[in-house]
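Please consult the sequence and the structure shown here while reading.

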Amino acid sequence: MILEPLFQYWHVIILFFTVAILYSSVGFGGGSSYLAILALTGIVFTQIRATSLLCNIVVVTGNVFLFYQQKIIDFKKITPLVLLSIPLAFLGGYLKISQQFFFILLGFTLLFAAITMWLSKRIISSDEKNNNVKPFKNASYGGIIGFISGMVGIGGGIFLAPLLHLTNWDTPKKIAATASFFILVNSIAGFIGQYSNPDFIIDWNLTSILLITVFIGGQIGSRISHKFLTPIQLKKATAILIAFVSTRILWNVLF
């Protein structure tokens, strides 16, 4: 029984493995790409969000652990970002949304993510940092991103990281560590919110296989770092894929 998804979704498993390696190598979970892949498989939309968030959690946990060991995570500076994002990610995950609304939201979210990823070359290279960080503004940014992330089924790093780079929030490495921690806590909150909903369902046979897949891929990626692909090359390639998927989703839903 558990082997049936292995044969039925072998192509999805390979793609998840590849995404986990590539994203974990630059400090991300890959939630947007997991969503893009699952959205094209015909899997029930209510399962897509939960599966994506669980895969996010598995991948970024390894990254957060490594960043913590290297003492790169500044918890004092991160706290305002997650203060509102955690409860709002839970709320976003708990909300019951229609299939049409989900795919419209997913389509526009992925399209926005693709645009920010494509333009990220301009905002990732500076080692300068802004010492005038405003906690209230960070909390509001984190809350908005957390709420949207909970509804869609991503960790929010795809939105947070470009924003932090644009504002010179800190050095690129500390921003990567911050994004990883942000993704982890919001993915956990979003999943708990979805799990708390009475209509929660998930195919644990398929999800278990995908979790094992991304765990192995994430462990490999977090250790090879970006020896084969630079963050910019990864973002450019992924942006094209996500833009294609988002356009296809929006076309199917709106026309």
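## Helix packing

The axes of helix α8 and helix α9 (residues 172-196) cross at roughly 150 degrees and come within 9 Å, where axes are lines fitted to C-alpha atoms, for helices over the stretch in contact, and angles run from 0 to 180 degrees between N-to-C directions. That angle makes α8 roughly antiparallel to α9; angles under 35 degrees count as roughly parallel, over 145 as roughly antiparallel, 65 to 115 as roughly perpendicular and the rest as oblique. The crossing of α8 and α9 is right-handed. A crossing is called left-handed if the near helix is turned anticlockwise from the far one by less than a right angle, and right-handed if clockwise.

The model is predicted; local features need pLDDT of at least 70, side-chain atom pairs count only at pLDDT 80 or more, and totals for chains, interfaces and linings use all residues. Residues are numbered from 1 along each chain as its sequence is written, and side-chain values use heavy atoms, with hydrogens and water left out.

The second pair to consider is α3 and helix α6 (residues 99-119), which pack at an angle of about 130 degrees with their axes 11 Å apart. Helices α3 and α6 are therefore oblique to each other, and their crossing is left-handed.

## Overall composition

The protein has 11 helices and 0 strands; helices (H or I, at least four residues) and strands (E, at least two) are DSSP runs, numbered from the N terminus. Along the sequence, the pattern reads α-α-α-α-α-α-α-α-α-α-α. Of the 255 residues in the protein, 53% are buried, a term that means under 20% relative accessible area, with exposed over 50% and partly exposed in between (1.4 Å probe, protein chains only).

Helix α3 (residues 31-39) is largely enclosed by the rest of the structure, because 9 of its 9 residues are buried. These buried residues of α3 are G31, S32, S33, Y34, L35, A36, I37, L38 and A39.

A search of the whole structure finds 2 cavities of 30 Å³ or more. The largest cavity holds about 90 Å³ of space. Its lining comprises 13 residues, and those closest to its centre are G30, G31, S32, G157 and I158. Helices α3 and α8 (157-166) are the elements that give two or more residues to this lining. On a 1 Å grid over the protein atoms alone, a cavity is a set of points where a 1.4 Å probe fits but cannot get out, and lining residues have an atom within 4 Å of a point. Grid points are joined across faces, edges and corners, and a volume is the space filled by probe spheres set on the points.

By residue class, the lining of the largest cavity divides into 5 nonpolar, 8 polar and no charged residues. Here Ala, Val, Leu, Ile, Met, Phe, Trp, Tyr, Cys and Pro count as nonpolar, Asp, Glu, Lys and Arg as charged, and the others, Gly among them, as polar.

I158, one of the residues closest to the cavity centre, belongs to helix α8. I158 counts as buried, at 10% relative accessibility.

## Contacts across the sequence

The table lists pairs of residues with their separation along the chain and their C-alpha distance.

| Pair | Sequence separation | C-alpha distance |
|---|---|---|
| Y94 and G150 | 56 residues | 8.0 Å |
| F147 and L84 | 63 residues | 9.0 Å |
| L88 and G193 | 105 residues | 9.4 Å |
| I158 and T116 | 42 residues | 8.1 Å |

Y94 is found in helix α5 (residues 75-94) and counts as partly exposed at 35% relative accessibility. L88 also has its place in helix α5, and its relative accessibility of 28% makes L88 partly exposed. F147 lies in helix α7 (residues 135-152); with a relative accessible area of 26%, F147 is partly exposed.

## A loop residue with positive phi

K71 is placed in the loop between α4 (45-69) and α5. Phi of K71 is near 55 degrees, a positive value in a residue other than glycine. At 76% relative accessibility, K71 counts as exposed.

Note on methods:
On a 1 Å grid over the protein atoms alone, a cavity is a set of points where a 1.4 Å probe fits but cannot get out, and a pocket is an open set with protein on both sides within 12 Å along at least five of seven lines; lining residues have an atom within 4 Å of a point.
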